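Here is a briefing on one protein chain. Look at the sequence and the model first, then read the points below.

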Amino acid sequence: MTRRSNIATGVLAATAAIASSEGLSAILNLRESPVLAVGQTVIKLTPGPIAEKIISVVQHADKPLAVTSVVIAILLLGGLIGAWWQNRRVLAILGIAALVGLASAAVLSRPHGSGKGVLICLIAGAVVAGVLELLQRERPDLEPGMARRTFAAMRWSAASIPRNVVGRSSSGR
């Protein structure tokens, strides 16, 4: 696989992790998904003058902006982890562990944080590793065109996930 393909599979793995964490949060009826908890924590930790300046610009869209920023950061870090997966596996796994740890800390810092939220963070980390392993594994049984079509189909189906997460966060859930 090319470096660009590895990065793309990392973004797909991160998208799958976001989708699984959002889905599990809904199934388990959590008040805040891990993505939303991280977004809320970012808002809480932003220094006052900076937060006031941002709010004066975006008005009441501060929560969707924070969640969108978190989703973009997760996708970018997923790309980095995907780039490391083949040749720097230890760094990739440490990156996943760091993201799981930070998300778990954000979940537990929220008023309604619970062990269920931490479990969802752990599952999301496992999803990233599993998807990367599946997508970056050498598959001599697939013809090159088939692998490309499968990858394109996964990319197309995953494209709507970030939009749905932002829509859910702005709906007041």
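Of the 173 residues in the protein chain, 36% are buried (under 20% relative accessible area, with a 1.4 Å probe and protein chains only). This is a predicted model, in which local features need pLDDT of at least 70 and side-chain atom pairs count only at pLDDT 80 or more, while totals for chains, interfaces and linings use all residues. Residues are numbered from 1 along each chain as its sequence is written, and side-chain values use heavy atoms, without hydrogens and water.

**Helices**
- The protein chain has eight helices and zero strands (DSSP runs numbered from the N terminus: H or I of at least four residues for helices, E of at least two for strands).

**Nonpolar cores**
- A nonpolar core is a set of buried Ala, Val, Leu, Ile, Met, Phe, Trp, Tyr and Cys residues joined through side-chain atoms within 4.5 Å.
- The largest one has 16 residues, and I96, V128 and L132 have the most contacts inside it.
- Helix 1 (3-27), helix 4 (62-84), helix 5 (89-109) and helix 6 (115-136) each supply at least two residues of this core.
- Another core, of eight residues, lies apart from it and includes A14, I18, V71 and L75.

**Contacts of L132**
- Beyond its neighbours within four places in sequence, L132 is in contact with T9, G10, A13, I81, G82, W85 and R137 (contact means heavy atoms within 4.5 Å).

**Helix 2 and helix 4**
- Helix 2 (residues 34-45) packs with helix 4 at an angle of about 115 degrees, and their axes are 8 Å apart (axes are lines fitted to C-alpha atoms over the stretch in contact; angles run from 0 to 180 degrees between N-to-C directions).
- Residues of helix 2 in this contact include V35, L36 and V38, and those of helix 4 include D62, K63 and A66.

Definitions and conventions: Buried means under 20% relative accessible area, exposed over 50%, partly exposed in between (1.4 Å probe, protein chains only).
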